[in-house]
Amino acid sequence: MDNITKKLMQRSESTRKDTIGRAISMTALILIAIVVVSIFVFVLSRGLSTFYKDGVNVKYFLFGTTWNPSVTDPATKKPYIGALPMILGSFLVTFLSAIVATPFAIGTALFMTEIAQKRGAKIMQPIVELLVGIPSVVYGFIGLTVVVPVIRTIAGGSGFGILSGTIVLFVMILPTITSMTVDTLKSVPRHYRESALAIGATRWQMIYKVVLRAATPGILTAIVFGMARAFGEALAVQMVIGNAALMPHSLTTPASTLTSVLTMGIGNTVMGSLQNDVLWTLAMILLIMSLVFNLIVRAIGRRGAMK
Amino acid sequence: MSKSHRGAVISSIVVVAIVAALGTAYATRDKSASGTSITAVGSTALQPLVEAAGEEYAKENLGIFINVQGGGTGTGLSQVSQGAVDLGNSDVFAEEKEGIKASQLVDHRVAVVGIAPLLNKDNGVKNLSTAQLKAIFTGKITNWQEVGGKNLDIVIINRATGSGTRATFEKWALGGAESISAQEQDSSGMVRSIVATTPGAISYAAFGYIDSSVVAASVNGIKPNNQNVATGKYAIWSYEHVYTKGRPNAQVGKFLKYLTSTKIQSTLVPKLGYISIHDMKISRSVNGQVVEK
(Lines give C-alpha, C1' and ligand atoms only; values in the text may rest on other atoms or scores of the structure.)
Protein backbone atom coordinates (compact mmCIF):
# COMPACT_ATOMS: atom_id res chain seq x y z
CA MET A 1 0.00 0.00 0.00
CA ASP A 2 2.80 2.29 0.91
CA ASN A 3 4.38 1.75 -2.43
CA ILE A 4 1.25 2.84 -4.31
CA THR A 5 0.81 5.94 -2.17
CA LYS A 6 4.37 6.86 -2.85
CA LYS A 7 3.90 6.35 -6.57
CA LEU A 8 0.78 8.44 -6.60
CA MET A 9 2.21 11.25 -4.54
CA GLN A 10 5.50 11.54 -6.41
CA ARG A 11 5.89 13.22 -9.74
CA SER A 12 6.37 10.57 -12.37
CA GLU A 13 9.17 10.51 -14.93
CA SER A 14 6.73 11.53 -17.67
CA THR A 15 5.54 14.56 -15.74
CA ARG A 16 9.10 15.67 -15.30
CA LYS A 17 9.78 15.29 -19.02
CA ASP A 18 6.62 17.21 -19.76
CA THR A 19 7.84 20.10 -17.64
CA ILE A 20 11.24 20.09 -19.33
CA GLY A 21 9.68 20.03 -22.79
CA ARG A 22 7.39 22.89 -21.90
CA ALA A 23 10.32 24.85 -20.52
CA ILE A 24 12.40 24.36 -23.67
CA SER A 25 9.67 25.55 -26.00
CA MET A 26 8.80 28.45 -23.71
CA THR A 27 12.46 29.51 -23.65
CA ALA A 28 12.63 29.45 -27.43
CA LEU A 29 9.44 31.47 -27.64
CA ILE A 30 10.61 34.07 -25.14
CA LEU A 31 14.01 34.46 -26.81
CA ILE A 32 12.43 34.96 -30.23
CA ALA A 33 9.94 37.41 -28.77
CA ILE A 34 12.83 39.36 -27.21
CA VAL A 35 14.69 39.44 -30.55
CA VAL A 36 11.63 40.65 -32.46
CA VAL A 37 10.80 43.28 -29.87
CA SER A 38 14.39 44.55 -29.75
CA ILE A 39 14.55 44.84 -33.54
CA PHE A 40 11.36 46.86 -33.52
CA VAL A 41 12.50 49.07 -30.65
CA PHE A 42 15.91 49.63 -32.24
CA VAL A 43 14.67 50.43 -35.75
CA LEU A 44 11.80 52.57 -34.48
CA SER A 45 13.97 54.57 -32.08
CA ARG A 46 16.58 55.16 -34.80
CA GLY A 47 14.05 55.82 -37.51
CA LEU A 48 11.92 58.19 -35.49
CA SER A 49 14.91 60.28 -34.42
CA THR A 50 14.86 61.81 -37.92
CA PHE A 51 11.59 63.44 -36.96
CA TYR A 52 12.24 64.13 -33.27
CA LYS A 53 15.94 64.88 -33.03
CA ASP A 54 16.57 66.36 -36.47
CA GLY A 55 13.17 68.02 -36.66
CA VAL A 56 12.24 66.80 -40.13
CA ASN A 57 8.65 67.24 -41.20
CA VAL A 58 7.02 63.81 -41.78
CA LYS A 59 5.12 65.07 -44.81
CA TYR A 60 8.29 66.57 -46.29
CA PHE A 61 10.05 63.24 -45.85
CA LEU A 62 7.30 61.05 -47.29
CA PHE A 63 6.28 63.27 -50.20
CA GLY A 64 9.46 65.16 -51.03
CA THR A 65 10.81 64.25 -54.44
CA THR A 66 14.49 65.14 -54.07
CA TRP A 67 16.82 62.80 -52.23
CA ASN A 68 20.32 64.02 -51.45
CA PRO A 69 20.83 64.02 -47.69
CA SER A 70 24.36 65.41 -47.82
CA VAL A 71 23.24 68.64 -49.54
CA THR A 72 21.27 71.41 -47.87
CA ASP A 73 18.41 73.06 -49.69
CA PRO A 74 19.24 76.78 -49.77
CA ALA A 75 15.54 77.69 -49.69
CA THR A 76 14.48 75.74 -46.60
CA LYS A 77 17.88 75.31 -44.89
CA LYS A 78 17.11 71.60 -44.63
CA PRO A 79 18.83 68.70 -46.41
CA TYR A 80 17.09 67.20 -49.40
CA ILE A 81 15.45 64.15 -47.89
CA GLY A 82 12.33 63.47 -49.93
CA ALA A 83 11.91 59.71 -49.89
CA LEU A 84 9.09 59.52 -52.42
CA PRO A 85 11.31 58.36 -55.33
CA MET A 86 12.43 55.28 -53.39
CA ILE A 87 9.01 54.56 -51.93
CA LEU A 88 7.50 54.73 -55.41
CA GLY A 89 10.32 52.65 -56.85
CA SER A 90 9.80 49.92 -54.26
CA PHE A 91 6.06 49.79 -54.80
CA LEU A 92 6.39 49.86 -58.58
CA VAL A 93 8.78 46.91 -58.82
CA THR A 94 6.73 45.01 -56.24
CA PHE A 95 3.35 45.46 -57.92
CA LEU A 96 4.64 45.07 -61.46
CA SER A 97 6.51 41.86 -60.68
CA ALA A 98 3.49 40.47 -58.81
CA ILE A 99 1.19 41.34 -61.73
CA VAL A 100 3.52 39.61 -64.19
CA ALA A 101 4.23 36.61 -61.98
CA THR A 102 0.69 35.79 -60.86
CA PRO A 103 -0.74 34.43 -64.15
CA PHE A 104 2.36 32.29 -64.69
CA ALA A 105 2.25 31.03 -61.12
CA ILE A 106 -1.45 30.13 -61.27
CA GLY A 107 -0.98 28.47 -64.66
CA THR A 108 1.94 26.39 -63.41
CA ALA A 109 0.09 25.46 -60.23
CA LEU A 110 -3.03 24.40 -62.17
CA PHE A 111 -0.90 22.27 -64.44
CA MET A 112 0.74 20.61 -61.47
CA THR A 113 -2.45 19.91 -59.52
CA GLU A 114 -5.28 19.56 -62.03
CA ILE A 115 -3.89 18.68 -65.44
CA ALA A 116 -0.78 16.56 -65.08
CA GLN A 117 -0.49 15.54 -61.47
CA LYS A 118 2.13 12.85 -62.03
CA ARG A 119 4.43 14.86 -64.26
CA GLY A 120 3.80 17.89 -62.08
CA ALA A 121 4.97 16.08 -59.00
CA LYS A 122 7.90 14.50 -60.81
CA ILE A 123 9.28 17.40 -62.86
CA MET A 124 7.71 20.70 -61.88
CA GLN A 125 7.88 20.30 -58.10
CA PRO A 126 11.68 19.87 -58.00
CA ILE A 127 12.14 22.74 -60.46
CA VAL A 128 10.06 25.09 -58.37
CA GLU A 129 11.85 24.03 -55.21
CA LEU A 130 15.19 24.55 -56.92
CA LEU A 131 14.20 28.08 -57.96
CA VAL A 132 13.31 28.92 -54.34
CA GLY A 133 16.77 27.92 -53.18
CA ILE A 134 18.83 29.98 -55.64
CA PRO A 135 20.56 32.84 -53.78
CA SER A 136 19.43 36.31 -54.77
CA VAL A 137 22.93 37.37 -55.81
CA VAL A 138 22.77 34.78 -58.60
CA TYR A 139 19.50 36.26 -59.86
CA GLY A 140 21.06 39.70 -59.67
CA PHE A 141 24.13 38.62 -61.58
CA ILE A 142 22.09 37.01 -64.34
CA GLY A 143 19.98 40.15 -64.43
CA LEU A 144 23.08 42.27 -64.82
CA THR A 145 24.68 40.19 -67.56
CA VAL A 146 21.57 39.11 -69.49
CA VAL A 147 18.52 41.24 -68.74
CA VAL A 148 20.19 44.67 -68.64
CA PRO A 149 21.94 44.38 -72.04
CA VAL A 150 18.74 43.04 -73.65
CA ILE A 151 16.70 45.96 -72.28
CA ARG A 152 19.45 48.31 -73.44
CA THR A 153 19.30 47.07 -77.03
CA ILE A 154 15.50 47.13 -77.10
CA ALA A 155 14.72 50.35 -75.22
CA GLY A 156 18.00 52.27 -75.42
CA GLY A 157 19.53 54.15 -72.51
CA SER A 158 21.64 52.23 -70.03
CA GLY A 159 19.28 49.28 -69.58
CA PHE A 160 19.12 49.79 -65.83
CA GLY A 161 15.74 50.59 -64.39
CA ILE A 162 12.41 49.44 -63.06
CA LEU A 163 11.78 47.13 -66.02
CA SER A 164 14.99 45.17 -65.39
CA GLY A 165 14.19 45.07 -61.67
CA THR A 166 10.69 43.80 -62.43
CA ILE A 167 11.98 41.01 -64.67
CA VAL A 168 14.50 39.82 -62.07
CA LEU A 169 11.94 39.98 -59.25
CA PHE A 170 9.37 38.19 -61.41
CA VAL A 171 11.65 35.15 -61.62
CA MET A 172 12.45 35.42 -57.92
CA ILE A 173 8.89 35.52 -56.61
CA LEU A 174 7.44 33.10 -59.18
CA PRO A 175 8.40 29.97 -57.19
CA THR A 176 7.09 31.47 -53.94
CA ILE A 177 3.68 32.21 -55.43
CA THR A 178 3.60 28.93 -57.36
CA SER A 179 4.37 26.62 -54.47
CA MET A 180 1.89 28.34 -52.17
CA THR A 181 -0.80 28.24 -54.87
CA VAL A 182 -0.14 24.52 -55.37
CA ASP A 183 -0.73 23.94 -51.66
CA THR A 184 -3.99 25.88 -51.78
CA LEU A 185 -5.27 24.06 -54.85
CA LYS A 186 -4.42 20.72 -53.25
CA SER A 187 -6.44 21.67 -50.19
CA VAL A 188 -9.61 22.18 -52.26
CA PRO A 189 -11.74 19.14 -51.26
CA ARG A 190 -11.97 16.38 -53.84
CA HIS A 191 -15.78 16.28 -53.72
CA TYR A 192 -15.96 19.86 -55.08
CA ARG A 193 -14.30 18.65 -58.26
CA GLU A 194 -16.34 15.46 -58.42
CA SER A 195 -19.62 17.30 -57.96
CA ALA A 196 -18.73 19.78 -60.68
CA LEU A 197 -17.80 17.04 -63.13
CA ALA A 198 -20.87 15.00 -62.15
CA ILE A 199 -23.27 17.75 -63.21
CA GLY A 200 -21.57 17.90 -66.59
CA ALA A 201 -18.93 20.60 -66.25
CA THR A 202 -15.89 20.36 -68.53
CA ARG A 203 -12.48 20.27 -66.91
CA TRP A 204 -11.93 23.94 -67.66
CA GLN A 205 -15.34 24.88 -66.25
CA MET A 206 -14.54 22.86 -63.15
CA ILE A 207 -11.19 24.60 -62.72
CA TYR A 208 -12.44 28.06 -63.51
CA LYS A 209 -15.77 28.06 -61.70
CA VAL A 210 -15.09 25.79 -58.75
CA VAL A 211 -11.45 25.14 -57.92
CA LEU A 212 -10.15 28.65 -58.49
CA ARG A 213 -13.14 30.18 -56.73
CA ALA A 214 -12.67 28.01 -53.70
CA ALA A 215 -8.92 28.69 -53.66
CA THR A 216 -9.11 32.48 -54.13
CA PRO A 217 -8.20 33.46 -50.55
CA GLY A 218 -5.22 31.12 -50.59
CA ILE A 219 -4.04 32.43 -53.95
CA LEU A 220 -4.33 36.01 -52.70
CA THR A 221 -2.26 35.05 -49.68
CA ALA A 222 0.36 33.55 -51.99
CA ILE A 223 0.49 36.78 -54.03
CA VAL A 224 0.90 38.90 -50.91
CA PHE A 225 3.74 36.65 -49.73
CA GLY A 226 5.42 37.04 -53.11
CA MET A 227 4.99 40.80 -52.90
CA ALA A 228 6.50 40.84 -49.42
CA ARG A 229 9.54 39.02 -50.79
CA ALA A 230 9.83 41.43 -53.71
CA PHE A 231 9.47 44.45 -51.44
CA GLY A 232 12.24 43.32 -49.12
CA GLU A 233 14.67 42.05 -51.77
CA ALA A 234 17.80 44.19 -51.76
CA LEU A 235 20.78 42.70 -53.54
CA ALA A 236 19.36 41.49 -56.83
CA VAL A 237 17.32 44.65 -57.32
CA GLN A 238 20.24 46.88 -56.44
CA MET A 239 22.33 45.24 -59.15
CA VAL A 240 19.89 45.96 -61.97
CA ILE A 241 17.80 49.00 -61.04
CA GLY A 242 20.58 51.58 -61.46
CA ASN A 243 20.24 53.17 -58.03
CA ALA A 244 19.39 56.72 -59.02
CA ALA A 245 17.21 58.41 -56.43
CA LEU A 246 15.06 60.03 -59.09
CA MET A 247 11.30 60.05 -59.51
CA PRO A 248 10.61 57.11 -61.86
CA HIS A 249 9.20 58.69 -65.00
CA SER A 250 9.94 55.78 -67.28
CA LEU A 251 10.38 52.05 -66.82
CA THR A 252 13.77 52.00 -68.50
CA THR A 253 15.55 54.89 -66.77
CA PRO A 254 17.53 54.26 -63.57
CA ALA A 255 15.49 54.37 -60.39
CA SER A 256 15.95 53.12 -56.86
CA THR A 257 14.15 51.24 -54.12
CA LEU A 258 14.15 51.64 -50.35
CA THR A 259 16.39 48.60 -49.97
CA SER A 260 18.91 49.64 -52.63
CA VAL A 261 19.37 53.10 -51.10
CA LEU A 262 19.82 51.49 -47.68
CA THR A 263 22.50 49.01 -48.71
CA MET A 264 24.33 51.60 -50.80
CA GLY A 265 24.40 54.28 -48.14
CA ILE A 266 24.67 52.69 -44.73
CA GLY A 267 28.45 52.18 -44.79
CA ASN A 268 29.20 55.68 -45.99
CA THR A 269 27.35 57.54 -43.25
CA VAL A 270 28.28 58.27 -39.67
CA MET A 271 26.12 56.76 -36.92
CA GLY A 272 23.98 59.41 -35.27
CA SER A 273 24.20 61.92 -38.11
CA LEU A 274 21.14 63.02 -40.05
CA GLN A 275 22.37 61.16 -43.15
CA ASN A 276 22.40 57.97 -41.10
CA ASP A 277 19.10 58.65 -39.32
CA VAL A 278 17.17 59.07 -42.57
CA LEU A 279 18.43 55.65 -43.70
CA TRP A 280 17.03 54.17 -40.48
CA THR A 281 13.75 55.87 -41.27
CA LEU A 282 13.74 54.08 -44.62
CA ALA A 283 14.40 50.82 -42.74
CA MET A 284 11.46 51.66 -40.50
CA ILE A 285 9.22 52.09 -43.53
CA LEU A 286 10.36 48.66 -44.77
CA LEU A 287 9.59 47.11 -41.40
CA ILE A 288 6.16 48.71 -41.24
CA MET A 289 5.41 47.55 -44.77
CA SER A 290 6.30 43.95 -43.97
CA LEU A 291 3.98 44.23 -40.99
CA VAL A 292 1.25 45.52 -43.31
CA PHE A 293 1.80 42.59 -45.69
CA ASN A 294 1.42 40.24 -42.72
CA LEU A 295 -1.79 41.92 -41.61
CA ILE A 296 -3.18 41.66 -45.14
CA VAL A 297 -2.43 37.93 -45.17
CA ARG A 298 -4.22 37.47 -41.85
CA ALA A 299 -7.18 39.54 -42.98
CA ILE A 300 -7.51 37.45 -46.14
CA GLY A 301 -7.24 34.28 -44.09
CA ARG A 302 -10.05 35.37 -41.75
CA ARG A 303 -12.42 36.84 -44.30
CA GLY A 304 -12.11 34.37 -47.09
CA ALA A 305 -11.91 31.11 -45.17
CA MET A 306 -13.56 28.33 -47.14
CA LYS A 307 -16.99 27.50 -45.80
CA MET B 1 1.96 25.33 -8.41
CA SER B 2 0.37 24.23 -11.69
CA LYS B 3 2.32 22.55 -14.46
CA SER B 4 2.19 25.49 -16.86
CA HIS B 5 3.42 27.79 -14.13
CA ARG B 6 6.31 25.51 -13.43
CA GLY B 7 7.28 25.57 -17.13
CA ALA B 8 7.07 29.33 -17.28
CA VAL B 9 9.18 29.73 -14.17
CA ILE B 10 11.86 27.36 -15.47
CA SER B 11 11.97 29.00 -18.87
CA SER B 12 12.22 32.48 -17.42
CA ILE B 13 15.06 31.25 -15.22
CA VAL B 14 16.80 29.89 -18.33
CA VAL B 15 16.33 33.19 -20.17
CA VAL B 16 17.66 35.15 -17.22
CA ALA B 17 20.61 32.76 -17.02
CA ILE B 18 21.43 33.21 -20.72
CA VAL B 19 21.23 36.99 -20.43
CA ALA B 20 23.37 36.89 -17.29
CA ALA B 21 25.92 34.62 -18.99
CA LEU B 22 26.18 36.97 -21.96
CA GLY B 23 26.48 39.92 -19.59
CA THR B 24 29.22 38.25 -17.59
CA ALA B 25 30.99 37.25 -20.77
CA TYR B 26 30.90 40.87 -21.90
CA ALA B 27 32.03 42.27 -18.56
CA THR B 28 34.88 39.81 -18.20
CA ARG B 29 35.85 39.75 -21.89
CA ASP B 30 39.49 39.23 -22.48
CA LYS B 31 40.89 42.73 -22.28
CA SER B 32 44.46 41.50 -22.50
CA ALA B 33 43.75 40.37 -26.06
CA SER B 34 43.20 43.95 -27.23
CA GLY B 35 46.92 44.44 -26.73
CA THR B 36 47.71 41.71 -29.23
CA SER B 37 44.81 42.19 -31.60
CA ILE B 38 44.50 45.39 -33.61
CA THR B 39 41.17 46.10 -35.23
CA ALA B 40 40.83 48.28 -38.31
CA VAL B 41 37.46 49.20 -39.82
CA GLY B 42 36.42 51.42 -42.70
CA SER B 43 37.11 52.27 -46.32
CA THR B 44 36.77 49.36 -48.70
CA ALA B 45 39.31 51.04 -51.01
CA LEU B 46 42.00 50.83 -48.34
CA GLN B 47 40.94 47.46 -46.92
CA PRO B 48 43.04 45.25 -49.25
CA LEU B 49 46.25 47.08 -48.37
CA VAL B 50 45.73 47.03 -44.60
CA GLU B 51 44.64 43.41 -44.81
CA ALA B 52 47.68 42.28 -46.81
CA ALA B 53 50.09 44.32 -44.69
CA GLY B 54 48.40 42.99 -41.56
CA GLU B 55 48.99 39.41 -42.68
CA GLU B 56 52.66 40.08 -43.33
CA TYR B 57 52.95 41.85 -40.01
CA ALA B 58 51.31 39.00 -38.13
CA LYS B 59 53.76 36.57 -39.74
CA GLU B 60 56.71 38.61 -38.51
CA ASN B 61 55.28 39.36 -35.08
CA LEU B 62 53.85 36.17 -33.66
CA GLY B 63 50.92 36.58 -31.33
CA ILE B 64 49.74 39.80 -32.92
CA PHE B 65 46.62 39.65 -34.98
CA ILE B 66 45.41 42.42 -37.28
CA ASN B 67 41.67 42.26 -37.78
CA VAL B 68 40.54 44.27 -40.82
CA GLN B 69 36.92 44.91 -41.73
CA GLY B 70 35.24 46.99 -44.42
CA GLY B 71 32.05 48.88 -43.75
CA GLY B 72 32.86 52.14 -45.50
CA THR B 73 34.63 55.37 -44.67
CA GLY B 74 31.75 56.68 -42.55
CA THR B 75 31.68 53.56 -40.41
CA GLY B 76 35.46 53.61 -39.98
CA LEU B 77 35.59 57.24 -38.86
CA SER B 78 32.65 56.98 -36.48
CA GLN B 79 33.88 53.73 -34.93
CA VAL B 80 37.38 55.06 -34.33
CA SER B 81 36.15 58.33 -32.85
CA GLN B 82 33.92 56.34 -30.49
CA GLY B 83 36.97 54.36 -29.48
CA ALA B 84 35.32 51.13 -30.61
CA VAL B 85 38.23 50.15 -32.89
CA ASP B 86 41.93 50.93 -32.97
CA LEU B 87 42.21 52.11 -36.56
CA GLY B 88 39.69 53.88 -38.78
CA ASN B 89 40.40 53.64 -42.51
CA SER B 90 39.23 56.57 -44.57
CA ASP B 91 39.45 57.86 -48.16
CA VAL B 92 38.85 61.44 -47.09
CA PHE B 93 40.18 63.82 -44.47
CA ALA B 94 38.19 63.43 -41.25
CA GLU B 95 37.54 67.18 -41.43
CA GLU B 96 35.56 66.62 -44.63
CA LYS B 97 33.13 64.15 -43.07
CA GLU B 98 30.11 65.57 -41.32
CA GLY B 99 29.51 64.51 -37.73
CA ILE B 100 33.13 63.59 -36.96
CA LYS B 101 35.17 65.45 -34.34
CA ALA B 102 38.37 65.57 -36.38
CA SER B 103 40.36 67.26 -33.61
CA GLN B 104 40.26 64.04 -31.56
CA LEU B 105 41.72 61.99 -34.38
CA VAL B 106 45.31 61.64 -35.52
CA ASP B 107 45.87 61.25 -39.25
CA HIS B 108 48.32 58.69 -40.64
CA ARG B 109 48.66 58.82 -44.42
CA VAL B 110 49.58 55.39 -45.73
CA ALA B 111 49.10 55.63 -49.50
CA VAL B 112 47.86 57.77 -52.36
CA VAL B 113 45.15 56.83 -54.84
CA GLY B 114 44.75 58.49 -58.20
CA ILE B 115 41.30 58.60 -59.76
CA ALA B 116 40.71 58.68 -63.50
CA PRO B 117 37.59 59.44 -65.54
CA LEU B 118 36.48 56.18 -67.18
CA LEU B 119 34.81 56.34 -70.58
CA ASN B 120 33.21 53.76 -72.80
CA LYS B 121 35.28 53.05 -75.90
CA ASP B 122 32.48 54.07 -78.27
CA ASN B 123 32.30 57.65 -76.95
CA GLY B 124 35.13 58.74 -79.23
CA VAL B 125 36.70 60.97 -76.60
CA LYS B 126 40.12 60.54 -74.99
CA ASN B 127 40.68 63.89 -73.33
CA LEU B 128 38.40 66.11 -71.30
CA SER B 129 39.02 69.45 -69.63
CA THR B 130 37.88 69.97 -66.04
CA ALA B 131 35.33 72.46 -67.37
CA GLN B 132 33.93 69.79 -69.68
CA LEU B 133 33.86 67.23 -66.86
CA LYS B 134 31.96 69.68 -64.69
CA ALA B 135 29.49 70.43 -67.49
CA ILE B 136 28.95 66.71 -68.10
CA PHE B 137 28.44 65.76 -64.46
CA THR B 138 26.20 68.74 -63.72
CA GLY B 139 24.00 67.89 -66.69
CA LYS B 140 24.83 70.87 -68.90
CA ILE B 141 26.30 68.68 -71.63
CA THR B 142 24.27 65.60 -72.49
CA ASN B 143 25.76 64.40 -75.77
CA TRP B 144 29.30 63.35 -76.59
CA GLN B 145 29.14 65.41 -79.81
CA GLU B 146 29.40 68.58 -77.72
CA VAL B 147 32.87 67.58 -76.51
CA GLY B 148 34.13 66.29 -79.83
CA GLY B 149 32.89 62.71 -79.68
CA LYS B 150 30.22 60.72 -81.45
CA ASN B 151 26.52 61.53 -81.52
CA LEU B 152 25.75 59.52 -78.40
CA ASP B 153 23.82 60.35 -75.25
CA ILE B 154 25.95 60.65 -72.13
CA VAL B 155 25.17 58.09 -69.43
CA ILE B 156 26.54 59.17 -66.06
CA ILE B 157 27.37 56.46 -63.54
CA ASN B 158 28.19 57.63 -60.03
CA ARG B 159 29.52 55.93 -56.97
CA ALA B 160 27.26 56.05 -53.92
CA THR B 161 26.89 59.38 -52.12
CA GLY B 162 29.47 59.51 -49.37
CA SER B 163 31.92 57.19 -51.12
CA GLY B 164 35.49 58.43 -50.91
CA THR B 165 36.14 58.02 -54.63
CA ARG B 166 33.12 60.16 -55.44
CA ALA B 167 34.06 62.81 -52.89
CA THR B 168 37.59 63.05 -54.33
CA PHE B 169 36.33 63.20 -57.90
CA GLU B 170 33.79 65.90 -57.11
CA LYS B 171 36.33 67.94 -55.19
CA TRP B 172 39.20 67.81 -57.69
CA ALA B 173 37.62 67.11 -61.07
CA LEU B 174 34.36 69.00 -60.72
CA GLY B 175 35.79 71.85 -58.68
CA GLY B 176 33.60 71.02 -55.71
CA ALA B 177 30.37 70.84 -57.72
CA GLU B 178 27.83 68.13 -56.89
CA SER B 179 27.03 65.65 -59.62
CA ILE B 180 23.41 65.55 -60.72
CA SER B 181 21.37 62.57 -59.54
CA ALA B 182 22.21 59.67 -61.80
CA GLN B 183 22.56 55.98 -61.39
CA GLU B 184 24.83 54.88 -58.57
CA GLN B 185 26.90 51.77 -58.02
CA ASP B 186 28.55 50.74 -54.81
CA SER B 187 31.82 49.31 -56.07
CA SER B 188 34.51 50.36 -58.53
CA GLY B 189 34.58 46.92 -60.15
CA MET B 190 30.89 47.20 -60.94
CA VAL B 191 31.40 50.72 -62.29
CA ARG B 192 34.12 49.54 -64.66
CA SER B 193 32.10 46.66 -66.06
CA ILE B 194 29.05 48.88 -66.60
CA VAL B 195 31.12 51.58 -68.31
CA ALA B 196 32.73 48.91 -70.49
CA THR B 197 29.38 47.57 -71.70
CA THR B 198 27.23 50.72 -71.88
CA PRO B 199 27.79 52.96 -74.92
CA GLY B 200 27.96 56.61 -73.87
CA ALA B 201 28.86 55.83 -70.27
CA ILE B 202 31.19 57.93 -68.13
CA SER B 203 32.29 57.29 -64.59
CA TYR B 204 35.46 57.37 -62.50
CA ALA B 205 37.56 54.89 -60.57
CA ALA B 206 40.96 54.46 -58.97
CA PHE B 207 43.94 53.82 -61.27
CA GLY B 208 44.01 50.21 -60.10
CA TYR B 209 40.76 49.56 -61.94
CA ILE B 210 41.89 50.88 -65.32
CA ASP B 211 42.17 48.17 -67.95
CA SER B 212 41.77 47.75 -71.69
CA SER B 213 37.96 47.41 -71.50
CA VAL B 214 37.56 51.14 -70.81
CA VAL B 215 39.18 54.43 -71.80
CA ALA B 216 40.89 56.32 -68.99
CA ALA B 217 40.57 59.88 -70.24
CA SER B 218 43.30 62.48 -69.83
CA VAL B 219 42.25 65.55 -67.88
CA ASN B 220 43.32 68.92 -69.34
CA GLY B 221 45.68 66.94 -71.57
CA ILE B 222 47.43 65.24 -68.68
CA LYS B 223 47.46 61.45 -68.62
CA PRO B 224 46.20 59.81 -65.44
CA ASN B 225 49.26 57.89 -64.25
CA ASN B 226 51.29 57.53 -61.09
CA GLN B 227 54.07 59.81 -62.20
CA ASN B 228 51.78 62.75 -62.98
CA VAL B 229 50.17 62.33 -59.58
CA ALA B 230 53.54 62.21 -57.82
CA THR B 231 54.72 65.41 -59.47
CA GLY B 232 51.43 67.18 -58.84
CA LYS B 233 50.54 67.65 -62.51
CA TYR B 234 47.45 65.50 -62.23
CA ALA B 235 45.17 66.77 -59.48
CA ILE B 236 42.51 64.09 -59.05
CA TRP B 237 43.93 62.00 -56.25
CA SER B 238 43.51 61.53 -52.53
CA TYR B 239 45.41 60.22 -49.57
CA GLU B 240 44.39 56.99 -47.95
CA HIS B 241 44.17 57.79 -44.27
CA VAL B 242 44.36 55.58 -41.22
CA TYR B 243 43.00 57.45 -38.21
CA THR B 244 43.64 56.72 -34.56
CA LYS B 245 41.90 58.32 -31.61
CA GLY B 246 44.62 60.38 -30.01
CA ARG B 247 48.22 59.19 -30.19
CA PRO B 248 48.39 55.47 -31.00
CA ASN B 249 49.64 53.12 -28.27
CA ALA B 250 52.92 51.27 -28.71
CA GLN B 251 51.47 48.22 -30.49
CA VAL B 252 49.31 50.22 -32.90
CA GLY B 253 52.09 52.72 -33.49
CA LYS B 254 54.43 49.92 -34.46
CA PHE B 255 51.98 48.58 -37.02
CA LEU B 256 51.40 52.06 -38.48
CA LYS B 257 55.14 52.46 -38.84
CA TYR B 258 55.25 49.11 -40.61
CA LEU B 259 52.52 50.28 -43.03
CA THR B 260 54.61 53.27 -44.08
CA SER B 261 57.90 51.35 -44.08
CA THR B 262 59.90 51.13 -47.31
CA LYS B 263 59.24 47.39 -47.40
CA ILE B 264 55.45 47.69 -47.63
CA GLN B 265 55.49 50.92 -49.63
CA SER B 266 57.72 49.47 -52.35
CA THR B 267 56.06 46.03 -52.62
CA LEU B 268 52.45 45.76 -51.54
CA VAL B 269 51.43 49.34 -52.23
CA PRO B 270 52.22 49.40 -55.98
CA LYS B 271 51.13 45.77 -56.36
CA LEU B 272 47.65 46.63 -55.10
CA GLY B 273 47.36 49.69 -57.34
CA TYR B 274 48.11 52.46 -54.88
CA ILE B 275 50.85 55.06 -55.13
CA SER B 276 53.50 55.01 -52.41
CA ILE B 277 53.64 58.07 -50.16
CA HIS B 278 57.42 57.96 -50.51
CA ASP B 279 57.10 58.63 -54.25
CA MET B 280 55.11 61.80 -53.74
CA LYS B 281 57.12 64.88 -54.56
CA ILE B 282 54.40 67.12 -53.21
CA SER B 283 52.04 67.06 -50.29
CA ARG B 284 48.57 68.47 -50.07
CA SER B 285 46.66 69.72 -47.02
CA VAL B 286 42.97 69.32 -46.30
CA ASN B 287 42.39 72.78 -47.81
CA GLY B 288 44.04 71.70 -51.02
CA GLN B 289 47.27 73.65 -50.57
CA VAL B 290 50.09 71.94 -52.40
CA VAL B 291 53.60 72.08 -51.00
CA GLU B 292 56.75 70.79 -52.71
CA LYS B 293 58.52 68.23 -50.59
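Me: What follows H4(B), and is its phi positive or negative?
Reply: B:Gly139 follows H4(B), and its phi is positive, near 85 degrees. Helices here are DSSP runs of H or I, at least four residues; strands are E runs of at least two; both are numbered from the N terminus. The model is predicted: local features need pLDDT of at least 70, side-chain atom pairs count only at pLDDT 80 or more, and totals for chains, interfaces and linings use all residues. Residues are numbered from 1 along each chain as its sequence is written, chains are lettered from A and ligands numbered from 1 in the order written, and side-chain values use heavy atoms, without hydrogens and water.

Me: Which residues of H4 in chain B are buried?
Reply: B:Leu133, B:Ala135, B:Ile136 and B:Phe137. Buried means under 20% relative accessible area (1.4 Å probe, protein chains only).

Me: And what covers them?
Reply: The cover includes strand E4 (105-119), helix H5 (164-172) and strand E8 (201-206) of chain B.

Me: Switching topic. How many residues are in contact between chain A and chain B?
Reply: 33 of chain A with 38 of chain B. Contact means heavy atoms within 4.5 Å.

Me: How much area do they bury?
Reply: About 2,800 Å², 60% of it on carbon and sulfur atoms. That is the accessible area (1.4 Å probe) lost on putting the two parts together, summed over both.

Me: How many salt bridges between the chains?
Reply: The count is 0 (Lys or Arg side-chain nitrogen within 4 Å of an Asp or Glu carboxyl oxygen).

Technical notes:
Buried < 20%, exposed > 50% of the residue type's maximum accessible area, 1.4 Å probe, protein only.
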